[in-house]
Every structure is written in structure tokens, then in C-alpha cells.
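Please view the structure below before reading on.

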2 protein chains.
Amino acid sequence: MCLKEYVQRYISLSEEEYAVFLSYLETKSFAPGTRLLAYEERCQSRFYIKKGCVRMYGYTEKGKEQIYHFGIDNWWISNYESLLNDTPSQLVIEAIEPTEVYCLTSDKFEQLCQQLPKTERLFRRIMERAYMAFQKRLEFLFSLSSEEQYRHFIEVNAAFTQRVPQYMLASYLGVTPEFISKIRSKM
Amino acid sequence: MCLKEYVQRYISLSEEEYAVFLSYLETKSFAPGTRLLAYEERCQSRFYIKKGCVRMYGYTEKGKEQIYHFGIDNWWISNYESLLNDTPSQLVIEAIEPTEVYCLTSDKFEQLCQQLPKTERLFRRIMERAYMAFQKRLEFLFSLSSEEQYRHFIEVNAAFTQRVPQYMLASYLGVTPEFISKIRSKM
DNA sequence: GAATATTCTTAATCTAGATTAAGAAGCAAA
DNA sequence: TTTGCTTCTTAATCTAGATTAAGAATATTC
């Protein structure tokens with residue numbers, strides 16, 4: 001699926017309108033381990049991942065990396081706290097695989113909304129879906145044991161599981177790699 | 001703060017436009033213990049809480065109530081999974097205090113967006129803030145111990161803490177009432 | 001194809017917070 | 001002012017998952 005198909009699922013755009021939309025996006029590439037958003041950098045963009053895989057992580061009190069999100073093909077990702085409040089980001093967005101993204105800066109975003117007001121609707125609906133996914137994630141977090149969460153995750157996200165190392169998955173789920181290893185040995 | 005002020009923080013509206021906006025909203029009142037959204041009902045509305053306090057909860061595998069959200073004055077609340085997919089809600093929204101809300105049904109919402117396209121921008125921005133708050137909550141959830149989460153919550157949400165019983169707060173934080181009691185005895 | 005760095009596994013021990021069980025406050029009705 | 005609810009507290013015991021410490025696979029580099 002390409003961005004055009006993705007957008008068409010939320011709003012309908014003519015060829016001309018889509019061309020306008022595209023003109024506000026900038027393509028960028030990132031090698032594994034490089035950062036889309038650095039620690040303490042002000043987040044200025046929303047990223048649409050054309051192809052690849054990224055993780056968004058912060059640091060716990062003891063300085064350990066804690067992964068909060070992954071992003072793969074056809075996902076938008078950004079640090080909204082930093083983006084909306086223009087504050088230094090406490091979160092890092094880093095490529096895991098070679099990753100190609102469309103980058104939409106806040107400035108361009110505002111201009112785009114003016115030139116193509118449908119953009120508001122597009123992002124209103126994207127945000128609703130993202131919020132819904134979050135609400136769902138919270139439900140799993142509170143209603144399932146760590147083992148159940150792991151089993152559920154790899155079931156729903158089979159493809160994904162191949163793409164990130166197990167210890168990152170453990171971090172995302174809020175457990176230790178040793179614990180995942182223990183579950184796997186039972187399966 | 002009233003709804004008008006709330007809306008003005010996101011978009012600017014003339015008197016006439018605000019009147020149009022209001023005309024799509026329906027006022028409803030709920031006594032403590034009554035439900036804005038029942039279990040397995042299809043969620044058809046977004047609720048803006050004018051005054052009062054509600055909780056949104058589901059059930060764990062063992063049938064225990066698990067609170068996922070609270071809503072108080074000037075918050076929007078809805079079950080987006082049920083709202084967007086038109087599926088029976090696994091979550092209940094219930095008044096804790098006498099609560100008065102504006103109710104915006106999906107039908108009315110679509111009409112409103114057509115008549116007053118600025119509404120898209122309003123809700124795009126509301127959803128971004130809501131998503132941001134969620135992102136922040138997840139950070140606390142993963143980076144703080146249960147005790148730290150409790151201390152942080154009552155610090156940031158002092159007023160709130162008076163309005164809901166301790167056992168509901170425990171549920172929201174994902175701990176037992178006994179554990180909260182233990183922390184409090186230390187303070 | 002050895003050397004080095006990453007990632008994963010196994011097993012013993014430990015701990016934050018759950019569970020269970022009682023009882024103590026608080027509060028409403030009558 | 002007693003009866004009956006609902007909420008909160010205390011304390012003993014238990015457990016899911018963490019921590020620690022080795023070692024075993026697996027990749028990567030030269």
C-alpha cells in the first residue's frame with residue numbers, strides 16, 4: 001500500500017489535490033541506528049513511514065532504555081508532547097531497519113491545512129484511530145498478565161515479531177528478555 | 001470555564017458559528033451510578049462533561065471491574081473503538097457524581113462538520129491533545145513504580161483525588177486498594 | 001575462519017505488589 | 001442509636017516477574 005491508498009481510506013482527493021498534498025512532504029532516509037528525532041531535540045515533524053521500522057524510546061529513572069512505540073510501513077509517528085508544546089523531546093525515534101519516510105513539518109502542515117482544508121479531516125480521522133489503538137493497548141495492559149500480553153502480541157503481530165529483536169519486544173511489553181525467553185521455552 | 005471558552009482555545013468562532021455549533025449538541029443529565037454508555041451498547045456519541053465526574057471501565061478475565069479513564073468538567077469522553085467501528089462496547093461509562101453533559105451523536109457530528117468545517121480542525125486538535133496525554137500516561141506507567149505513580153497522580157491531580165473513592169483510584173492505577181492504604185500510612 | 005560483539009537461554013534467588021482475612025471507620029436510613 | 005452498607009486499614013502469606021550470573025547461540029568483522 002502506498003500513501004495515496006492510505007489517504008484515500010480517510011478522505012477522497014483528486015489527482016491535483018493529491019499532488020498538492022505530496023508537494024508538502026519531504027522524503028528522508030535513515031540507516032539502522034540513526035535517529036529521526038534526537039534526545040532533547042524539539043520535534044518539528046510528523047513522520048509517515050513509507051518503508052522500514054523504527055522504535056520510539058525514552059529512559060527510566062535508572063537510565064535504562066524503555067521502548068514505548070514501534071512504527072512500521074504506513075504508520076505515522078511523532079512525539080506529540082514535543083511537537084505540540086515545542087519542548088525538548090525526552091523520547092528518541094530511531095530506525096531499526098533501513099527506513100524511508102515522508103516528513104511533514106509543523107510549518108508545512110499549517111500551510112497544507114490552509115491550502116487543502118480536507119487535510120484537517122484526514123488528520124482528525126488518523127488521530128481518532130491512533131487514539132483508539134492506544135485505548136485498546138491500555139485495556140490489554142491492565143487486563144492481561146505479562147505472559148498473555150506476549151502471546152497476544154505475537155499472535156496479532158506475527159510479521160512484526162520477525163523484524164525486531166526479542167529484547168526490544170520485551171522492553172515494549174515492559175518485561176525482561178529473560179522472562180520472554182522463559183515463556184518461549186514453554187511453547 | 002464553559003464550552004465556548006474551551007472551543008475558543010482551539011479555533012476562533014463568531015457568535016453565529018458558535019450558535020450553530022451549540023445547536024448540534026444535546027444536554028443530558030445523569031445521577032451517580034447511572035450510565036452514559038451501557039455494556040454492549042453501540043457507542044453513538046462523544047460526550048463533553050459540563051459538570052460532574054464519570055468513570056470508564058471494563059471487566060478483566062476474572063470479572064473484576066477495571067477503570068481505564070476518568071472524566072471531569074471540560075473533558076470529552078467516548079469509547080472510540082465502539083464509536084468508530086460501530087461495535088458493541090466492552091466498556092461502560094458511568095457517572096460518579098451528578099453529571100451534566102453535552103452529547104454529540106455521530107450523525108450530528110457529520111452534519112456539523114459539513115455545515116461548519118472548522119469543526120474538523122477543532123476535533124483534530126482535541127484528538128492530538130488527547131493522544132499526547134495518553135502517550136504521557138504510558139510513559140509514567142512504564143517508567144515509575146506503582147508507588148511513584150500514586151504519588152505523582154495525587155500531586156498532579158490533587159482536586160481530583162477528593163472526588164473519587166480510593167478504591168476507584170486504585171483500579172485506575174492498576175493496583176489494589178490495600179496497596180494504596182499501605183502507601184498512605186507511610187505519608 | 002578466528003575473533004568480537006550481539007542476542008538469547010537457563011537457573012537460582014529476590015521483591016514489589018497481590019491475595020486473603022479481619023476488623024475499624026464512616027455514613028445513611030429509620 | 002441501632003442496623004446495615006460502603007469504604008478503608010492492618011497484617012500475614014503468597015506469587016508473577018525481576019535480578020543476577022553464567023554460558024550458549026548467532027551475527028559481524030577483519
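The surface near DNA strand C is made up of four nonpolar, seven polar and three charged residues. The model is a predicted one. In total, 14 residues surround DNA strand C, and the closest are Gln166(A), Ser181(A), Ser146(B), Val175(B) and Thr176(B). Sugar or phosphate accounts for 79% of the atoms of DNA strand C within 4 Å of the protein, and bases for the rest.

| Residue | Protein atom | Distance to a phosphate oxygen of DNA strand C |
|---|---|---|
| Ser181(A) | N or O atom in the side chain | 2.9 Å |
| Ser146(B) | polar backbone atom | 2.8 Å |
| Gly174(B) | polar backbone atom | 3.4 Å |

Two or more residues of this surface come from each of α8 (166-173) and α9 (177-186) of chain A and α9 (177-186) of chain B. The greatest share, four residues, belongs to α9(A).

Chain A also holds an open sheet of four strands in the order β2-β7-β4-β5, paired antiparallel. Because β2 (35-37) and β5 (65-72) of chain A each have a single partner strand, they stand at the edges, and one side of each is left without a neighbour in the sheet. On average, neighbouring strands of this sheet are turned by 30° against each other, direction ignored.

Seven bridges join β4 (residues 53-59) of chain A to β5(A) in the antiparallel sense; Arg55(A) has Phe70(A) in β5(A) as its bridge partner. The helix α8(A) packs on the sheet and touches β4 and β5 of chain A, its direction making about 105° with that of β5(A).

Note on methods. Residues are numbered from 1 along each chain as its sequence is written. Chains are lettered from A and ligands numbered from 1 in the order in which they are written. This is a predicted model: local features need pLDDT of at least 70, side-chain atom pairs count only at pLDDT 80 or more; totals for chains, interfaces and linings use all residues. Side-chain values use heavy atoms; hydrogens and water are left out. A residue is near a molecule or strand if one of its heavy atoms lies within 4 Å of it. A polar contact is a pair of N or O atoms within 3.5 Å; within protein, one must be able to donate a hydrogen and the other to accept it, and residues adjacent in sequence count only if both atoms are side-chain atoms. Ala, Val, Leu, Ile, Met, Phe, Trp, Tyr, Cys and Pro count as nonpolar, Asp, Glu, Lys and Arg as charged, and the others, Gly among them, as polar. Two strands pair if DSSP finds at least two bridges between them. Axes are lines fitted to C-alpha atoms, for helices over the stretch in contact, and angles run from 0 to 180 degrees between N-to-C directions. Contact means heavy atoms within 4.5 Å.
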